[in-house]
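Welcome, and please load the model in your viewer before reading on. We will go from one selection to the next and look at what is there.

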Amino acid sequence: MADLMGTKDYENGLNFLEELTENGHRIQEQVLEEILLRNAGTEYLTRFLHGRTDKQLFKNNVPIVTYEDIKPYIDRIANGETSNILLADPISEFIQSSGTSGGQPKLIPMTAENFEKKTLELTLVDPVVKKYFDGLEKGKTMSLFFVKKGSETPSGLTVRTLSLCYFMSDSFKKSAPKICTSPIETILCLDHRQSMYCQLLTGLLQRDHVVSISSIFGSVLARSIKFLEDHWNELCSNIRTGCLSDWITDPGCRNAVSSILTRPNPELADTIEHICGNESWEGIIKKLWPAAKYINSVITGTMSLYISLLDFYGGGTPLVSPSYGSSESTFGINLNPLSNPYDVSYTFLPNMAYFEFLPVDKDGEEKARESNLDGVSSQRSLEMTNANGNVEPVDFANVELGQYYEVVVTTFTVGDVLKLTGFHNNSPQFQFVERRNTVLSIDMDKTSEADLLKAIGNAKRHLEPLGFVLMTFSSYAETSSIPGRYVLFWELKSNKIAALELRVVKVGTFDAVMDFYVSKGASINQYKTPSCIKSEEAVKVLNSGVLEKFFSPKTFF
Ligand code: AMP
C-alpha cells in the first residue's frame, strides 16, 4: 500500500490516477486488510472481532454505525484516555466537521496518514484540471479561503476544521505565496470581514495574473461577490491612494497587504470602477479577472443552488466542481472538469478509505436506514438482503449502475446519498444526490432535499425571465396551524413575487443566518446554507428580515 500513497514514484499524477482506478478492487481489499491488521486489537474492534483480522469476520460481525455510536469513544479520548481504544495510529488532533451531534460539533480523529491522504487528493486534482486548461502554472489562483478558530479538548488535543488544519500546514504555507493571490495572513485572519476585504483587494491588485478563482464551496464565492458589490468603491479608493482602510486593524492583514498595495494606482482604480459601476453585474468575474480560465468551487448537492448565480457572475467562465469529501475522508475527484455542473460525477479513490455502499431505495427512501441503523445489533451478510430482510451494504466491486447508495466509510455512515453513474476503469463514479437528514416532513409527507432543490430549480425558471435572481433560500415545516405547510424563504434581488407561500427577505438576511451559525460554532469555510432550518433561533433571524409574505390558495394534505 505504501508504494501507492506517494506520487513521487509516478511520472505524473494522471498515471497515478489511472493506476489507482484500474486497481480499485484490489486496493480496497488491501486498505481493509491494513485497517484490520492495525486496529483489530483496539477496544472497539475487540468487541466484535476478539483480536482476529479476517475480512469475512469483519463483514459478518462489525455493525454499520452512526456518529452517535462512536461518540462515547470520542468523548473518552477527548477527556484524556488513550486514543488506541478506537484506533491504533496515534491521533494528532480532532477535526471538527460541519455536522453536529446534540448541538456539539462532531469530532473526527485525525492521524498523520489521514492528513497525508487529504493533501494527496489536492495533488491529484491539479493534474486533472491542467489537462483541460493551459497555462495555469503561469499565474495564480484568486482564492477566497477562510478559517475558524480552533479549540482544545479537556485533555489538550487540538480541535480544528479540516481547512484550518490544511491552511496552517507547512506544505500550504510553502506553496501559497506562489499559487494564491491571498497572503496567508489574510486567510488565517479570524475576522471574516477583514479577511474577505483583504483577499478581494489583493485579488484585484493582481488581477492580470489571476488564472483561476477558487473557494471551497460555491456559496462562499457568491457571498464574496455580494461583499464586493458593497465594497468596490472603498476597494477602488484604497487602490487609488495606495492606503489600506483604517478599519482593517488586524496586524497580519495590514502587514501582508502593504507588501502588495505598495503605491497609488489610479489607472487600475479607474478600470475597476468602470467595470463595477456598470448597472449589470453579468460577467463581472470575467471582466475583473479576464485571464481566469475557470472557477474552482464545489457546486454540487446543496451548492447547485449557486450554479445559475455563479454562471451569471462568471459570464461563461467554466465552473469546475473539483472533488467530493468530508472531514471523515476524501471520497473522490471529478475527472471531467468540463462536465455540465448539474451532471458532475466524482470518481472514488480506492486508497482513501474502505468504502461500502448501503443501497437506498429512492421510492422507499428510509428502507436501508431503518432496517440497518436502528442500533448496533445489525449483522452483515454477503447478500444485499440478509435472512432478516435487512438491506446489506455492498463493496466497491459490487455497486450497480443507476442505483442509489448511502456511503459508509469503514463502518461509519456519512449521511450522503449518491447515485452510481459510471465507472472509470474499476472505480465507481457517483453523483451527489442529497444529504440524508435534511428533509421537510409534515404528517406522512416527506420531501427530500433533492426534491426541494428540483422544485426551487423549476420556480427559478419562471423567475429568471422576469428579471429576478434568487440569491439563496431556505425552508421549514410550519406546523402551528392545521394543516401544516412548508414555508420557503427566498432572498431575491427584487421584492416582487407571487407564489405558494413565500416570505421574501431583505438582502443580507442570509448573511445574518450564516453569522448566526458561525456564532454558534460553524466554520465559514464549511458553511452550507441549510436548505431546511430546524433551529428556532435561525428562523427568527430569517423572519426578522422578511419584507413581504405571499400565500398560495393551495394547501397540503
Ligand atoms: P464536512 O464534514 O464539514 O467537511 O462536510 C462534509 C459534507 O459536505 C459531505 O458529507 C457532503 O454532504 C458535503 N460535500 C462535500 N463535498 C461535496 C460535493 N462535492 N458535493 C456535494 N456535497 C459535498
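Helices (DSSP H or I runs of at least four residues) and strands (DSSP E runs of at least two) are numbered from the N terminus. This is a predicted model, so to speak of it with care, local features need pLDDT of at least 70 and side-chain atom pairs count only at pLDDT 80 or more, while totals for chains, interfaces and linings use all residues. Residues are numbered from 1 along each chain as its sequence is written, and side-chain values use heavy atoms, with hydrogens and water left out.

**The whole protein**

Start with a cartoon view: the protein has 19 helices and 22 strands. Of its 557 residues, 55% are buried, where buried means under 20% relative accessible area, exposed means over 50%, and partly exposed lies in between (1.4 Å probe, protein chains only). Now color by accessible surface, about 24000 Å² in total, with 51% belonging to carbon and sulfur atoms. Areas here come from the Shrake-Rupley method with a 1.4 Å probe, and for residues only the protein chains shown count as cover. Contact means heavy atoms within 4.5 Å. Among contacts between residues at least 6 apart in sequence, 66% join residues at least 24 apart.

**The ligand**

Now show distances from the nitrogen atoms of the ligand. A polar contact is a pair of N or O atoms within 3.5 Å; within protein, one must be able to donate a hydrogen and the other to accept it, and residues adjacent in sequence count only if both atoms are side-chain atoms.

- An N or O atom in the side chain of threonine 300 is 2.6 Å from a ligand nitrogen.
- Serine 323 places a backbone N or O atom 2.9 Å from a ligand nitrogen.
- In tyrosine 346, a side-chain N or O atom is 3.1 Å from a ligand nitrogen.

The ligand taken alone exposes 510 Å², and the protein buries 91% of that.

Select helix α1, residues 13-22, where Gly13, Phe16, Leu17, Leu20 and Thr21 are buried. Seen down the axis, these buried residues fall within an arc of 125° (taken from the directions from the helix axis to the C-beta atoms), so they line one face of α1. Their cover includes α2 (24-39), α6 (112-132), β10 (330-333), β11 (346-348), β15 and β16.

Move on to α15, residues 307-314, with Ile307, Leu309, Leu310, Tyr313 and Gly314 buried. The arc for α15 is 165°, so its buried residues also line one face of the helix. They pack against α11 (218-241), α14 (284-288), β7 (294-298), β8 (319-320) and β19 (470-478). Just after α15, glycine 315 takes a positive phi of about 55°.

Threonine 347 sits in strand β11 and is buried at 1% relative accessibility. Its side chain makes a polar contact of 2.8 Å with the side chain of glutamine 429. Beyond four places in sequence, threonine 347 touches residues including Thr21, Phe331, His424 and Pro428.

Glutamine 199, in helix α10 (192-205), has a relative accessible area of 0%.

**Two loops to finish**

Most residues other than glycine have a negative phi. Asparagine 425, in the loop between β15 and β16, has a positive phi of about 50° and is partly exposed at 34%. Histidine 50, in the loop between α3 (43-49) and α4 (55-61), has a positive phi near 50° and is exposed, with a relative accessible area of 63%.
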